[in-house]
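I opened the model today to look up a sheet and a pocket. My notes are below, in the order I made them.

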Amino acid sequence: MTDKPPLLDRHFQRRQKAAIAGLHLPTAEELLRGMTFFREDLAEDVREYSSRLSRRVKKRKRTGLELLAASLDELNVEPSEDGVLAVEAALDLIVDAQGLPVAECLLRCRFYRAFFGNGQATALIAGEIAHLASGELDHGRGLALLSRSLGWAMQARELDRRQRAGVSVQRYADWFEPEVRAYEVHFRNAIVVSTVVEPESLDSSPDDLAVATWGKEPSENFDRPSGGVVVISGIGNEATAEGKRVAKEFAKFKQRPLPLSNMPELTGVRSRLVAEFPHAVAVVDNVLEGLSGRPTVQMRPTILVGEPGGGKTRFARRLSEELGTPYELISCGGFNDSAIGGTARRWSSGEPSLPVMAVRRHECAGPVVILDEIEKIGTSRHNGNLHDVLIGLFEPETSRRWHDPYLQAQCDLSHVSWLMTANSVEPVPAALRDRCRILRFPDPGADQLPLFATRILERLYIDAGHDPRWATPLEGFELDALASVWTGGSLRRLERLVEGLREARERLRRQQ
């Protein structure tokens, strides 16, 4: 028995890579077994499948299929749970289904609805995966499927709990798979332990052990997303001198569940961010929408694109602070190799990968890493390329089993959130852009001048060691003078203008 995901054989890997590249549309069974969506995107998968099936239906030229074709076309335009339900309803009305993959389509629709946050569909998919596992229990693949089925069942329970508690569920795929995987990893590890530990070595009987363990709430039994994640499960080559040194260095973190940041009340977070960044309301809403319904903080890789001085870096930092998540702010200027992914321990300059160091520094499994001005990363491939490393770190599958060359072991970095800023995404490779959400960060407008100027003035007083309440409010003629030379754009330029205004005030005060 291994702890690898189901069906990670060569054939499955080839089809997985083809699905990621958009060359293969996964079958419903492959999705059940853990294959990624078409182009790793739920909406892309829905569109591709509905488009293909619609063409197939229309070729039949048979009465009674018009509603199904129309429902598929609508789903292709607007992927949604309501659209999936409409397709299911149309399938139920078909009288003559000869030659159509009705069962396959219904199964796929249930899978889609599960990822849209439907607890009932999630429970049905758990049963389908268990059915697959029942036919393969004679080898490790079946046991891996069984752990996946149990993970889906626990997710169905969690969705039902949230619904009863009145918690809104974000209808997007990003949050779903990591939560299911967290449950799945627990069950997979439990199965491994149960096959290794001899029954006679236990003081309690199997029945007593079951009552003692599974009679508790799930949060007491395993590392749910809100309960902790084991990032570093072991150290490679511990018998060597260097291995012993690294093992001692990370002894505090080996096999230790590290916490994730619990999700704060997002209404208050939104109000504070909007008050501070009134020109970026759409960005605030877009980011927070992806967090709604999650128990812990985890964001998909996001690039904030905008003109210099618009407040992108400050927004990324303030977002992390408001979410109560530790963060690392890294300037990408000068980065030109793959050292961010870690360097081998045999070198004098050997060190862990950047996310592992962030995890160690903050003792948190899900810190935020802010990469400032990512477009300034060097493109030389001497000693590796940083873009290639980031592609691997952004992939859920590879980040969950990230091989750190310093630790010489796999680490679970799938809970690390990545925020990036850029003045332009053109220098960023397409493969990296495809794995990120790209949000246009707007420039501050002239209508927000009074707000920004006042805050800048207060900050200047603080930097000078004064109480910001000493700052005399800007008068009308001063705002008019600022408005005549600043019509929006870079806040850095506005800060220089306000600094000049403050110095003029000081000179006038001394003359009086």
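The entries that follow cover the sheet, one of its strands, and a pocket.

**Entry 1: ground rules.** This is a predicted model, where local features need pLDDT of at least 70, side-chain atom pairs count only at pLDDT 80 or more, and totals for chains, interfaces and linings use all residues. Residues are numbered from 1 along each chain as its sequence is written, and side-chain values use heavy atoms, with hydrogens and water left out.

**Entry 2: the sheet.** I looked up the strand order and found an open sheet of five strands, β4-β5-β8-β3-β9, with parallel pairing. Helices (H or I, at least four residues) and strands (E, at least two) are DSSP runs, numbered from the N terminus. Two strands pair if DSSP finds at least two bridges between them. At the edges I noted β4 (327–331) and β9 (437–440), each of which pairs on one side only. From one strand to the next the twist averages 20°; axes are lines fitted to C-alpha atoms, for helices over the stretch in contact, and angles run from 0 to 180 degrees between N-to-C directions.

**Entry 3: β3, β9 and a helix.** Four bridges pair β3 (residues 302–305) with β9 in the parallel sense. I303 has I438 in β9 as its bridge partner. Helix α14 (residues 281–289) packs on the sheet and touches β3 and β9 (contact means heavy atoms within 4.5 Å). The direction of α14 makes about 160° with that of β9.

**Entry 4: β5.** Is β5 buried or exposed? I found five of the five residues in β5 (368–372) buried, meaning under 20% relative accessible area with a 1.4 Å probe, protein chains only. In a regular strand the side chains alternate between the two faces of the sheet. In β5, V368, I370 and D372 lie on one side and V369 and L371 on the other. β5 pairs with β4 over five parallel bridges, and with β8 (residues 417–422) over four, also parallel. V368 is the bridge partner of Y327 and stands opposite S417 in β8.

**Entry 5: a pocket.** I turned to the second largest pocket, which 23 residues line; G309, G311, R314, R459 and L491 lie nearest its centre. A pocket here is an open set of points on a 1 Å grid over the protein atoms alone, with protein on both sides within 12 Å along at least five of seven lines, and lining residues have an atom within 4 Å of a point. Helix α15 gives the largest share of the lining, five residues.

Definitions and conventions
On a 1 Å grid over the protein atoms alone, a cavity is a set of points where a 1.4 Å probe fits but cannot get out, and a pocket is an open set with protein on both sides within 12 Å along at least five of seven lines; lining residues have an atom within 4 Å of a point. Buried means under 20% relative accessible area, exposed over 50%, partly exposed in between (1.4 Å probe, protein chains only).
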